[in-house]
Amino acid sequence: MGTTTPPRTLAEALRARGDEALAGLLRARPDLLTPVPGDITQLATRAGTRASVVRALEHLDRFALQTAEALAVAPDPAPYGTLLRLLTGDGQDDGAHHDETEAAITAALPGALATLREQALVWGEDERLHLVRTARELLAPSPQHPSPTGLGPTVAEATAGMSPGRLQEILTAAGLHATHDPVSAVAALTALFTDRTRMAELLDSAPVEALSVLDRLVWGPPYGEITPNPTPPVRWLRDRGLLLPVSARTVVLPREAALHLRAGRAHRVPEPLPPVVQAVAERDPQAVDRAAAGQAFLALSTVEDLLKLWNGGGPTVLRSGGLSVRELKRVASALDTTESVAAFWVELAYATGLLAPDGESDEHYGATPAYDDWLELPAAQRWTRLALAWLAATRTAGLVGGQDAKGRALSALGPELDRSTAPDVRRRVLALFAALPPGTAPDPATLLTRLRWERPLRGGSRGDVHPPQGGAGAPADSADLRSRIALWTVNEAELLGITGRGALSSQARALLPAPPGSTGGAGSAGNTGSTRSAATATPAEAAAALLAPLLPEPLDHVLLQADLTAVAPGPLERPLADILSVLADVESKGGATVYRFTPGSVRRALDAGQSASDLHAFLAAHSRTPVPQPLSYLIDDVARRHGHLRIGAASSYVRCDDESVLNEILADKRSAVLRLRRLAPTVLASQTDPASLLEGLRDLGYAPAAESVEGDVLITRAGARRTPPRTAPVPVPEGPPVPDETLLGAAVRAIRAGDTAATVVRKEPAAESGVPSGTLPRTTPADTLATVQAAAMTGSTLWIGYVNAEGAASQRVIAPVRVEGGFVTAYDHTADEVRTYPLHRITGVAELAEEE
């Protein structure tokens, strides 16, 4: 085939591509690589399957999709000029900004066609553009699936079942001459509808009411219902073929007539240019970074508070998986936030691997050992761990509180929250943030408009999920999942410190890929650090380096006050914060954290193994103010009473050296629920378990201590419960992963080699051999050996039949290099590598035809 001959099939068009173009197709449509096609024909067949075409259409932007839709209603094949006129119109439209739109379409159409060609949705030269058959079936109009263009069937399609007599009646009513056959009648009617002059004359004679009917159908849907006795305007249109019957009660506006009424345009509003993301505010980039850093610090504190809440044992895992509504409300109350925001923090900790089920028979949630490792990292690195996990996670916290297709509630940490499109939407939203100048906050409405333009078919990909009522960031008019995820992304990015005051921070820019054409990383804006160190750092390291100077340094002191409170004017060092969280209760948070000392909190520290002298020394060492006397009295008073009562297991018992204390307990009516009875002057027995007895006596105002069977005081360590080691949940991929360059190169070579073997010209067997043309003849072992040896000496290529050790037969094209010991070593064009074959497994051999 000559180089100037236009391709006749998609396979021929793909075969004419270079290796880079084939690699681009496989990169854009990675589903074609699973498994690697054997040759170009297999690749073309797979590229035309319905599932693959639907996936490719879903990844088109709006104008590329409009181009494909225009080709679906154009003749096949369609010249470039016809396609252009379907998008721009025939010049009869005098609407506002028509010239600007036409110029934009003319400039953008080559790029849209290049995209469709690259993805093998369109093939052929500009004068013979073919839309692949499956795409045409998906996008072309039909009664069951109206076209996105709003156009109906052609005259030929709509009159396919019409009687010849009825066709002649339509021609007569339209002022056309009668014909001798239905084919010429359809052609005459089509010619009338596509002739602007004659069509205008026909419409000028139409009643005004008939034109009103056409106005309602022209932009779609083109179908309408009529009564058995239609009104005169409808009857006038039906008699002249401007409305053609689809059924007894339904008529349709033919495509040719609709295009005349539309001035030749396939789409009402062509969108050749992506919508511009508008800015709502421009702020100081440094102020944005500081605000984002403050929110990042708050995010770290919130995650720590969440996992501290479950340190002693987390909530039970529901039988269907996930967190119950009651437990989510408790988390929201403890974190002083809404349930939707609490669900976000829970899902973020789970996605980072800090939280997981313990795997026991009575399964509970709890912190993982990775949480302890995470706590040892610097604050900036802890934040990058959270941010990267959020970017890659397919779990979508915004769905919590909604319902699935069966009406079941979606719970936090439940199994139904994975949405494979979430990472792509998050990264695309942040990329649009990054495309704006530093410190610029985008308008969410224009952001959504841009996302819908980029992926117009992806909105309803998971229409089986209903949004939660009043969910965070879920607009009442936003039904498509992609838009909802985008709004959740904006809100979650602010919570996490990715953005500050609505604009992308410098540390978040460092986590994103560099924009095309930039000389540095995405985080280079506002970065005054060393160019050399920025070039060698990973995105996480670069982001941590930008964030670290903006976070407050941990403090080693607090300010004790006379009202039994301690004020931490900033974040505390880890050992100080851990001990103080046991010794006191957090009363309020903000720029400073206020801790309150109570008898219960002091007793908690004593239960953890601290003595009164240890607590006095700790406070004196870490307070910038003198230890107030009331606090010293509180510690001494609780320590004096702590452990005076001892609780052990009988079922349980109370032991005390002071008989009067036991008499006081027995006389207290509130102790009746503990079912106590005296065994000895200093011992009481109870039918409740030791833990319940311990809590009951504490509720009565005593300070008992638990003891072991040996009589030693049991020390309870706070925050020691961890799940077994657990890995973070693996994101659910959206289709096959994008192949790397190594895999692409190997796949292209394999496809080329297989195509060479499949399309090579073979020498036809002699007529007297009786072997059908195109079939490999069987040869004797002697003939096989002689032919292979001759090919090795002359360097020629052979066509062989081969049966492997498993008995699978195949045909291969080889170039023998060496023949010895019953084996032939040859370059296998089919596998694109050198292989060795046993001669006894070669069933037949034939020479290839000489190239002319």
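Helix axes here are lines fitted to C-alpha atoms over the stretch in contact, and the angle between two of them runs from 0 to 180 degrees between N-to-C directions. Keep that in mind for the first close-up; everything below comes from a predicted model.

**View 1. Helix 27 packs against helix 28.** An angle of 65 to 115 degrees would count as roughly perpendicular and one over 145 as roughly antiparallel, so helix 27 is oblique to helix 28. On the helix 27 side, look for Ser581, Val582 and Leu583. Helix 28 answers with Ser601, Val602, Arg604 and Ala605. Sorted by type, the residues of this contact come out as four nonpolar, two polar and one charged.

**View 2. Leu26 sits in the largest nonpolar core.** This core has 88 residues, and Leu26, Phe193 and Leu242 are those with the most contacts inside it. Helix 5 (residues 62-72) gives the most to the core, with seven residues.

**View 3. Arg722 and Asp372 bridge distant parts of the chain.** The side chains of arginine 722 and aspartate 372 meet in a salt bridge, 2.9 Å from N to O. The two partners are 350 residues apart. Arginine 722 belongs to the loop between strand 20 (705-706) and helix 33 (741-759), while aspartate 372 is in helix 19 (residues 369-375). Arginine 722 has 23% relative accessibility, so it counts as partly exposed. Aspartate 372, at 30%, is partly exposed as well.

**View 4. Asp195 pairs with Arg198.** Here the salt bridge has an N to O distance of 3.4 Å. Aspartate 195 is partly exposed because its relative accessibility is 28%, and arginine 198 is partly exposed at 32%.

**View 5. Arg818 reaches Glu820.** The closest N and O atoms of this salt bridge are 3.1 Å apart. Arginine 818 has a relative accessibility of 42%, so it counts as partly exposed.

**View 6. Glu347, Arg395 and Asp418 form one network.** Salt bridges that share partners join these three residues. Across the model, the count of salt bridges comes to 31.

Definitions and conventions
Residues numbered from 1 in each chain as written. Predicted model: local features only at pLDDT ≥ 70, side-chain atom pairs only at ≥ 80, totals over all residues. Heavy atoms only, no water. Core = buried A, V, L, I, M, F, W, Y, C linked by side-chain atoms within 4.5 Å. Buried < 20%, exposed > 50% of the residue type's maximum accessible area, 1.4 Å probe, protein only. Helix = DSSP H or I, 4+ residues; strand = E, 2+ residues; numbered from the N terminus. Parallel < 35°, antiparallel > 145°, perpendicular 65-115°, else oblique. Contact = heavy atoms within 4.5 Å. Nonpolar A, V, L, I, M, F, W, Y, C, P; charged D, E, K, R; others polar. Salt bridge = Lys/Arg side-chain N within 4 Å of Asp/Glu carboxyl O.
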